[in-house]
Amino acid sequence: MTLRLLMALAMVMAFARVPQARANDALEHQVKAAFLYNFAKFVGWSQGTFESETEPLRLCIIGDSPFEGSLEAVLKGRTAQGRELKLATAGEVTDPSSCHVAFVPANRDAQVAQILQDLRGNGVLTVGESDAFAAAGGIIKLYLDDKKVRFDVNIRRSDEEGLKISSQLLKLARRVIKK
Amino acid sequence: MNKAIEFLGASLLCSLAFVWIPANAVAQEEADLDSSMADVLGDLSLEELLNIEVYSVSKKKQKLSESAAAIYVLTQDDIERSGATTIMDALRLVPGVEVANVNNTLYSVSVRGFNDRFANKLLVLIDGRSVYTPLFAGVYWDVQDTMLEDIDRIEVVRGPGGTIWGANAVNGVINIITKSAKDTQGTVASLLIGDEEKGTYAVRQGAKLGEHGHVRLYGKYFDRDSSERPGGGSAMDQWRNGRAGFRADLDYGDDDVTVQGEYYNGKSHIESQSALLVPPYQTAPFRSVNDYAGGHLLTRWTRDLGDGEQTEVQMYVDHTDRQADGFNYYRTTFDAEFQHNRPVFGDHQLIWGLNYRMVSDDSRSSFGFSLTPAARRTNLFTGFAQLEFSLLDDALRATVGTKLEHNDYTGFEYQPSGRFIFKPAEKHTIWGAVSRAVRTPSRAEDDIRINSAVVPPGFPSNPNPIPLVLALRGARGYQSEELLSFELGWRTDINDRFSLDVTAFHNSYNQLRSLNFGANGVELDPAPTHAVQFVDIGNDGEATTTGAEVAADLVLTEDWRLRLGYTFLSLDVDDTGAIETGIDSASAQNRAFLRSLATLPGGVEFDFNLRYVDSLATETAGVATRVDSYLTGDVRLAYELTDSLEVSVVGLNLFEDDHKEFGASVFAPGSATGIERSFYGKITLKR
């Protein structure tokens with residue numbers, strides 16, 4: 001009897017409101033920004049990539065930034081690999097192949113194959129957020145699954161670029177694509 | 001002991017020296033007081049980032065490092081790389097948790113003192129299902145297992161969790177959480193064989209379940225060898241166990257439904273002696289068989305209502321059978337729970353819930369153990385509410401709440417707590433809590449009679465011409481044990497590479513269980529006629545504990561990490577007038593561990609643990625047993641042969657042939673056995 005009452009109460013509570021769930025875009029990209037920063041920490045570039053000890057690590061956004069300032073906030077005052085982090089957004093990227101990390105937003109899906117083709121062979125860690133990006137040979141894909149941000153790593157492509165992805169990062173990847 | 005402390009101290013210093021250089025560079029950078037959400041996110045580890053729900057605005061709920069409680073998390077990676085083959089052994093690498101083997105099958109696990117095989121101040125949950133037994137308010141650890149590969153994480157909360165978790169969460173809560181079926185797609189098969197581990201076979205298969213769901217099926221069997229009897233020879237404590245289960249997760253957008261079930265069956269053995277009413281009044285040592293079986297079925301439904309509001313309904317049925325030396329115990333538990341959390345007055349958060357639990361049991365008594373009445377059904381009703389305030393632009397948050405329950409043993413019980421968390425500066429968090437918690441009586445404390453020994457006629461302690469039975473018995477008037485706890489903690493991320501977590505506590509216990517000499521008399525049944533001296537349980541014990549726990553995490557390079565833990569505990573028990581129970585010396589004063597997790601060039605994982613536990617000096621009813629301190633180490637090497645095949649080799653307890661970890665206690669007499677050095681190899685196929 002009491003149990004039935006409790007169950008009834010539970011049902012009423014659960015249905016009392018019309019559900020209105022949606023991804024929180026701003027939060028999603030804040031989390032993705034934090035991931036980008038972590039990728040810069042957990043990926044090793046081959047010797048000779050940096051010309052000097054003090055050369056900053058360059059992160060570029062190829063296209064309109066979906067981060068709304070959050071990537072700047074994450075990078076501000078932080079370092080990776082003992083290097084200062086420098087962010088270049090759309091207009092500031094003159095030579096994409098000089099970037100160490102290049103983020104390709106989903107809004108560039110139409111041109112993603114060409115963008116990745118241009119970056120190929122320059123030791124750039126490419127990070128994207130769409131299936132098109134992964135299909136075109138992007139290295140790390142960030143995506144939403146079960147309300148959380150996940151990532152896949154294409155390790156064949158990172159090997160080709162001479163990037164060493166730490167085992168810690170690989171362990172946490174949802175999928176590691178090896179072929 | 002001193003050497004061990006010196007060694008750990010030296011390792012800590014070396015590690016500190018290593019990370020302090022980059023730390024300065026970071027410290028000089030200006031602290032951005034107007035820290036935005038994104039800035040906070042930058043401080044999170046990858047594991048933490050993976051746990052943030054971007055659908056929910058409530059970031060606080062998701063972040064363990066922002067809890068106003070002493071929390072430590074073992075991730076799947078931590079468990080795998082510890083080399084542990086049981087959940088209990090993995091818990092050895094959590095600061096503040098005491099794990100000691102009485103022998104190979106009896107585990108004593110506790111937090112903040114009072115360790116015993118029947119330790120009763122710890123709540124253990126597996127996927128939201130309480131696995132503590134209301135029979136003695138402790139845990140039958142020999143049945144707690146699952147596929148270790150499918151555990152997502154183990155969250156350990158030290159200190160009272162009474163407000164949210166309910167009675168029995170007096171000194172801590174261990175929350176074992178398995179992965180969603182979605183994250184366990186594909187096949188995993190593993191084979192583990194060694195000198196103590198005679199074979200562990202585990203298989204899991206994941207599959208899609210319609211359009212919205214995923215499911216996994218798993219099975220596991222293991223067979224373990226006995227430990228070393230003092231003086232040599234097998235201690236007859238073999239253990240084998242089989243289990244099979246499933247978990248299905250259905251995702252309908254805002255509604256998530258989980259259904260899981262399991263059946264297990266096994267036998268754990270100990271060397272035992274039983275009391276007899278006729279000469280020689282005690283049997284020869286024999287292999288006592290704990291024959292157990294059980295299973296459960298659980299459903300949980302969570303609904304996301306948006307804007308940080310959530311509801312959860314959970315129900316489960318759990319059945320367990322256990323038979324040992326003629327005493328059989330059968331129990332069915334039904335539990336239903338509802339929880340609701342929502343933001344109120346802007347950024348504040350309200351969590352409330354209701355719970356009903358029915359426990360129905362039956363037993364068959366032996367000469368040694370009996371319950372009166374043999375069968376009993378009890379009801380437990382619980383409600384709780386907790387409000388979290390956010391003050392000073394989120395720099396200060398406070399939580400107040402209480403739990404109110406009604407149980408059939410002591411009636412109403414309340415468990416309030418107040419907590420705060422304060423961020424005085426970037427990278428520093430200070431938290432504190434004052435809580436009251438109770439440990440409600442167990443079925444045994446109400447209804448049991450244990451004929452623990454028979455003293456032959458003519459012995460100094462038995463002047464009668466007939467045998468004298470020493471009988472321990474429960475009392476219906478037995479009250480809840482009470483705790484008032486004060487905690488203070490400090491967490492800091494000095495930089496990307498070094499984080500530190502320090503907690504201090506002072507606990508004051510009242511109405512602790514005591515054993516007192518009771519009535520005596522003559523009994524005709526069972527024959528032959530015998531005298532009886534009762535030992536009654538009472539609430540005459542008082543105790544205070546003071547202690548500290550330290551956890552440190554050091555990232556030396558991207559592929560090499562160290563984790564350190566240190567625990568100090570001072571326990572002062574006042575059981576004046578009662579029989580000495582030895583509880584005050586069954587927990588070590590100092591414990592420490594250092595674990596190293598490294599990936600060598602070429603992809604070989606090389607991990608080791610060093611574990612130190614101070615000496616124990618138990619004195620139980622005048623019989624002293626001493627357990628020496630020990631320092632031991634474990635090593636693990638693992639290598640991925642192909643994309644889907646991993647091999648690992650592990651050596652456990654390497655420093656000695658065998659070592660003891662625990663002494664005798666009132667409820668677990670007989671001597672502890674030597675836990676032996678062991679090796680095993682493991683092959684895991686994942687595809």
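This is a predicted model: local features need pLDDT of at least 70, side-chain atom pairs count only at pLDDT 80 or more; totals for chains, interfaces and linings use all residues.

Reader: Which residue stands opposite B:Val156 in β7(B)?

Author: That's B:Ile174.

Reader: And what about strand β1 of chain B, how is that joined to strand β6?

Author: Strand β1 (residues 70–75) and strand β6 (residues 151–158) of chain B run antiparallel, with 6 bridges joining them. B:Val156 turns up here too, with B:Tyr72 opposite.

Reader: What holds strands together like that, in general?

Author: Backbone hydrogen bonds do the pairing in a sheet, and it can be parallel or antiparallel.

Reader: Do strands β2 and β5 of chain A run parallel or antiparallel?

Author: Parallel: 3 bridges join strand β2 (residues 57–61) to strand β5 (residues 101–104) in chain A. A:Leu59 stands opposite A:Val101 there.

Reader: New topic! Where does B:Asp553 lie?

Author: B:Asp553 is in strand β26 (residues 530–557) of chain B. Leaving out residues up to four places away in sequence, B:Asp553 touches B:Ser499 and B:Arg563.

Reader: Why is B:Asp553 called partly exposed?

Author: Because B:Asp553 has 16 other C-beta atoms within 10 Å, and the label covers counts between the exposed cut-off of 12 or fewer and the buried cut-off of 20 or more.

Reader: How far apart are B:Asp553 and B:Arg513?

Author: They are 40 residues apart in sequence and 38 Å apart in space, C-alpha to C-alpha.

Reader: Last thing, confidence. What is the mean pLDDT of chain B?

Author: The mean is 86, with 89% of chain B's residues at 70 or more. Residues 1–35 of chain B are below 50, though, and that stretch has 33 contacts in the model beyond near neighbours in sequence.

Reader: And where is confidence lowest and highest in chain A?

Author: Helix α1 (residues 2–15) of chain A is lowest, with a mean of 43, while strand β6 (residues 125–128) of chain A is highest, at 94. Chain A as a whole has a mean pLDDT of 81.

Reader: What are the ipTM and pTM scores?

Author: The model scores ipTM 0.75 and pTM 0.77.

Definitions and conventions
Residues are numbered from 1 along each chain as its sequence is written. Chains are lettered from A and ligands numbered from 1 in the order in which they are written. pLDDT is the predictor's confidence in each residue, from 0 to 100. Two residues are in contact if their C-beta atoms, placed from the backbone, lie within 7 Å. Helices (H or I, at least four residues) and strands (E, at least two) are DSSP runs, numbered from the N terminus. Two strands pair if DSSP finds at least two bridges between them.
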